[in-house]
Amino acid sequence: MTAYIIRRLLILPIILFGVTALIFGMLQVLSPVERSALYVRDIPKTDRQVDAVITRYGLDKPFFVQYWNWLVGTVDGETGERVGGVLRGDLGYSRSGREPVIDVLVRRLPATLELAIWAMIPVIGFGIWLGVKAALNHNKLFDQVARVFAIIGWSFPTFVFALLLLLVFYARLDWFQPGRLSTGFSQEVIKPGFTQYTRMMTVDSLLNLRFDIFIDALRHLIMPVTTLMVIEVALLLKITRSAMLEEMRQDYVTTARAKGLPEKVVTNRHIRRNALIPVITVAGLTLAGLMGGVVITETVFDYPGIGSWAAQAAASLDVLSMLGYALFSAVLLVAANLIVDVLYAVLDPRVRLS
Amino acid sequence: MTTISEPVVLRPRADDGGELREMTRLEKAVGPEWARLIRGIITNPLSVTGIVITLAFAFIALFAPVLAPPPNENWPRMQIPRDGFRTEPQPPMSEWNKNAPMRVPWWYRNIWPRQESWVHIMGTTSGQYDIWYGVIWGARTAFFASFVVTTLTTILGVIVGALAGFYGGWVDELLMRVVEIFVAFPFITGALILASLLTPRLGRSIWPATIALVIFGWTGYARQLRGDILATKERDYVLAARASGAKDSHLMIKHVIPNAMFPTLVRISLNMGSVVLSFAALSFLGIGLPEGFADWGQVVSFARSFIISLDTYWYIIVFPGVALLLYGLGWNLIGDALRDILDPKLRGKKA
């Protein structure tokens, strides 16, 4: 197993190199003049200024030179200082956020993490439960109903579902509101009396013993969490169901039954344990799926996380913010993939030995 | 993934009991594999529903000029006509004042005999874009997006997957690393960014989103086909063909790819539906399409300025939203049934 993990770790730099090259490659769609505008905060007015920027940052140099400069930064000719460089944590300046990209990312990330974590819990719980139940009732009513629901959930456009929720529960009933906190509370959490330990409202409010804020934060999370659930539960249900069905046909199940073990033991101790191995790995990947799903969900619910920021950046062609978001989510996904693969090897001896 | 899928073989169903029987007419016409596929699809109520829905959309797309006539002959067809510029949306069946089509379609006068003037059947959005026109002509956008994206991703994925699976070794290693790099981006994030970067280059049109969805959409096909080819190429008939001196290209095109393609069919069908959802999501976020282009996602996006009074303006979301949902549902129902027919693990088992 150690060899397997080492092999995975050795591939990691190659993948990360590819990811950054792909992101930088996408940037090449823009012309040097357009890209020159990304490096300076005030848009240069004359052609000479534009040319100066292009020469200074080497925007007309070959792809690999530019890529290298983008990774490690360039040395300023006059001051001798090294400026920029993604590897040094400098993702550039966010035009729409009016501050460095890395700062926006760090400031907005906790809100998205909070949303993703709250969504993960019901997604994994419901998805596995429904999938197991559907497989045990294979081709019976429960299975058929679950299946139809999964197909509908799978076909539902996220933004339409989100808007329908807003239509019913906000515009009509006014039970839940979009945003992150009600106006009064969002003023209160930035006052000195309230310490923001994690910047996740549901956690901070409890640490500050403000249960009214906790309830308010939860109420704002219900609609976006429900939206994220609809798609992801369908996926997890499908995978759990087919994993269960496959294990149910294995020889060891027949053996267990032949030995006279009660059906409950066969299901719980034998089938489900083995079926859940691939499911757990997929559950890890739903976090990554959620990171994609938050772009639409946060936008519709006006939730101030990194997803809505990315959508705004894309609509207003704030290129450096977009690339910062892409880099972040790609690194997150690569990390999640790695953890999942290692977990798989740990849990399933068949992978380890082959 | 480390698991290698079981070889997919299509032969007469196990529940035929292995008895010899006459070939049916269908089997004679298209071969036993396709016959089983077709019979499976037309006997399953879910997939029949899917086929009916999809055919209905094809009908709508085909007869769009009759169902929602453009204002005049020279009108750019995919542009939604607008009845003035007021912000306040108008409810369904309200009168169409400015820019109304010259001829009121015959079917409309037959349904409501007393109505002589053309109306906004589904109301208007803010800026007075006609929702009915957007929904009807949006079916053409949907078919265009799903056909173009699915065709191109399939071709790209099949080429990469086939090369990787057939040659193995360093070709496989290299291509699979490339796939992993693309998979590292959440699909919608990658597509969103590329489409947004392509928009100033290509101009506002249907292409930026289409190309972006192709670039980030082919990896699933490549992985799937690679696995299926790895399984197929060890089969006896391939080995026999190889032993009889067939060239690599002949082996691939004649023997391996056609037999490894069936699971890819399932993916194609499921993708036809999901592509449209992603395409609509991008245009909902305001990426790619020009304003007023007949597209379901675009029409829904007009609702974003009325979040607090959505219950009054429900028609802006509900009509195009239902169109999107049904279109995706149609393809997904077909794909789901196909999977059940083709999945060797579930075949002939009465669990």
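A residue counts as buried if 20 or more other C-beta atoms lie within 10 Å of its own. By that test, buried residues make up 46% of the 351 residues in chain B. The model is predicted. Chain A and chain B touch: 48 residues of chain A are in contact with 47 residues of chain B.

**Chain B overall**

- Chain B has 15 helices and two strands.
- Its C-alpha atoms fill a box of roughly 75 × 50 × 40 Å along the principal axes.
- Take the contacts in chain B between residues at least 6 apart in sequence: 74% of them join residues at least 24 apart.

**The side of chain A that touches chain B**

- The contact between the chains involves 48 residues of chain A and 47 of chain B.
- On chain A, at least two residues each come from α1 (2-27), α6 (141-155), α7 (158-172), α10 (211-248), α12 (263-300), α13 (306-315) and α14 (319-347).
- α7(A) gives the most to this side, with nine residues.
- By class, this side of chain A has 38 nonpolar, seven polar and three charged residues.

- Helix α8(B) covers residues 187-202, which is 16 residues.
- From first C-alpha to last, α8(B) reaches 21 Å, close to the 22 Å expected at 1.5 Å a residue.
- Of the 16 residues of α8(B), 12 are buried, so this helix is largely enclosed by the rest of the structure.
- The buried residues of α8(B) include Ile188(B), Thr189(B), Gly190(B), Ser196(B) and Thr199(B).
- Leu192(B), Ile193(B), Leu194(B), Leu197(B) and Leu198(B) are also among the buried residues of α8(B).
- Just after α8(B), Gly203(B) takes a positive phi of about 80 degrees.
- Helix α11(B), residues 236-243, is hardly covered: the count of buried residues among its eight is zero.
- Just after α11(B), Gly245(B) takes a positive phi of about 90 degrees.

**The largest nonpolar core**

- The largest nonpolar core has 180 residues.
- Leu163(A), Ile136(B), Leu192(B), Leu194(B) and Val300(B) touch the most other members.
- α10(A) supplies the largest share of this core, 17 residues.
- Leu192(B) and Leu194(B) are also buried residues of α8(B).

**Contacts of Val300(B)**

- Neighbours within four places in sequence are left aside here.
- In chain A, Val300(B) is in contact with Phe159(A), Val160(A) and Leu163(A).
- In chain B, Val300(B) is in contact with Phe284(B), Ile316(B), Ile317(B), Pro320(B) and Gly321(B).

Methods. Residues are numbered from 1 along each chain as its sequence is written. Chains are lettered from A and ligands numbered from 1 in the order in which they are written. This is a predicted model: local features need pLDDT of at least 70, side-chain atom pairs count only at pLDDT 80 or more; totals for chains, interfaces and linings use all residues. Two residues are in contact if their C-beta atoms, placed from the backbone, lie within 7 Å. Helices (H or I, at least four residues) and strands (E, at least two) are DSSP runs, numbered from the N terminus. Ala, Val, Leu, Ile, Met, Phe, Trp, Tyr, Cys and Pro count as nonpolar, Asp, Glu, Lys and Arg as charged, and the others, Gly among them, as polar. The expected span of a helix is 1.5 Å times one less than its number of residues. A nonpolar core is a set of buried Ala, Val, Leu, Ile, Met, Phe, Trp, Tyr and Cys residues joined through C-beta atoms within 7 Å.
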